Amino acid sequence: MHIFDELKERGLVFQTTDEAALRKALEEGQVSYYSGYDPTADSLHLGHLVAILTSRRLQLAGHKPYALVGGATGLIGDPSFRDAERSLQTKETVEGWVKSIQDQLSRFLDFEKGDNKAEMVNNYDWFSSISFIDFLRDVGKYFTVNYMMSKDSVKSRIETGISYTEFAYQIMQGYDFYILNQNHGVTLQIGGSDQWGNMTAGTELLRRKADKTGHVMTVPLITDATGKKFGKSEGNAVWLNPDKTSPYEMYQFWMNVMDADAIRFLKIFTFLSLDEIEEIRQQFEAAPHERLAQKVLAREVVSLVHGQEAYQEALNITEQLFAGNIKNLSVKELKQGLRGVPNYQVQAEDNLNIVELLVTAGVVNSKRQAREDVQNGAIYLNGERIQDLDYVLSASDKLEDELTVIRRGKKKYFVLTY
């Protein structure tokens, strides 16, 4: 299957400037293309992964990727589909974020070998050396205010207000395309569908300033079956940095996707062939309760983002926590698996019995409930059932002198720290 047909089959082509022309270009030879990532945080997230993996698919098909990290545009802020102005970051902060994002991108694209090895670029390199006057004369004159105001990213902000800084963002992104075309022969830009207006500003500048044709292809913004999208603006970001979202948390995210989304996400987020995914679909639909699609999705994406060892660790944490085998896990694994659960810091002088401890730590609301839970066998310390109402924590309850895990019932975990 031709790469463009495969991208469509996987649901990765949302819009193109000229589908026939783009298909022909991809068929006739190597295409140099780029995708841009603004450093608006110190990590990319799953929303970015769609464009990153699409870029990798094109590279595997023989085309040449340029990964642009926006050291300049990150200082300005993209207004696309935002209700209010972004907070401007210091240059030092953005520089740190640029380095972090470049490190992440290097894990997905091949920067080492082949005539289509990826190249990293930073638009601060060309924006830092151009004067405001030159930019207005050499770039700004090719954009009319009417054209710029027709973009959805601008129209949606006219009533609430948009600064000239963010208004000019689309020209900056357009100039990126122009520079990459002039310096590296780049003729295609790929990005999220929310970037359509900014991306076509680049093809417009290429046409008017250099009399050249550029191509744009957007990938869809990924939403689940309820319409909720992936991304930090939604407050539900799954980060690619393991310090922000652990491999275990990412594993759980994929394990919990709805059945209606699982096969679609396998096409988008994994490199399994379409034939393999079809086989999984048939088995999954025959026995959805076994959650085969979610298990494969979790395995493939966690292994891709964090490595096989991290996937195995996430799988082990999941299995041991489900079985209540706390002592089979290291403190490091427990911290990963129990990140975000209620936490209570035990003071050395507390000397509370189990009933008092459950109330003080917020595990239950009353001593009556605590006594009932203990007597009914619903309370576990580090996986061991406690039914003695006078039980007091001892040194042996401190795992590696760092924490104690309380479980109430089958699934409710609490962590005591010292």
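Let me start with the sheet: six strands, open, in the order 1-6-5-2-3-4, and the pairing is mixed. Strand 1, residues 15-16, and strand 4, residues 119-122, stand at the edges; each has a single partner strand, so one side of each has no neighbour in the sheet. Keep in mind that this is a predicted model.

Strand 3, residues 64-69, runs parallel to strand 4, and four bridges join the two. Within that pair, leucine 68 sits opposite valine 121 of strand 4.

Next, the helices on the sheet. Helix 3, residues 46-60, lies across strand 2 (32-37), strand 3, strand 5 (188-192) and strand 6 (215-219). Its direction relative to strand 2 is about 165°. Helix 12, residues 196-210, also packs on the sheet, where it touches strand 1, strand 5 and strand 6. The angle between helix 12 and strand 6 is about 165°.

Last, a helix pair. Helix 14 covers residues 259-269 and helix 15 covers residues 274-286; their axes come within 9 Å and cross at roughly 165°. Angles over 145 degrees count as roughly antiparallel, and helix 14 and helix 15 are therefore roughly antiparallel to each other. The crossing is right-handed.

Which residues make the contact? From helix 14, they are Asp259, Ala262, Ile263, Leu266 and Lys267. Helix 15 contributes Leu274, Ile277, Ile280, Arg281 and Phe284. Sorted by class, the contact between helix 14 and helix 15 has seven nonpolar residues, three charged and no polar ones.

Notes. Residues numbered from 1 in each chain as written. Predicted model: local features only at pLDDT ≥ 70, side-chain atom pairs only at ≥ 80, totals over all residues. Heavy atoms only, no water. Pairing = 2+ DSSP bridges. Contact = heavy atoms within 4.5 Å. Axes fitted to C-alpha atoms, helices over the stretch in contact; angles between N-to-C directions. Parallel < 35°, antiparallel > 145°, perpendicular 65-115°, else oblique. Left-handed = near helix turned anticlockwise from the far one by under 90°. Nonpolar A, V, L, I, M, F, W, Y, C, P; charged D, E, K, R; others polar.
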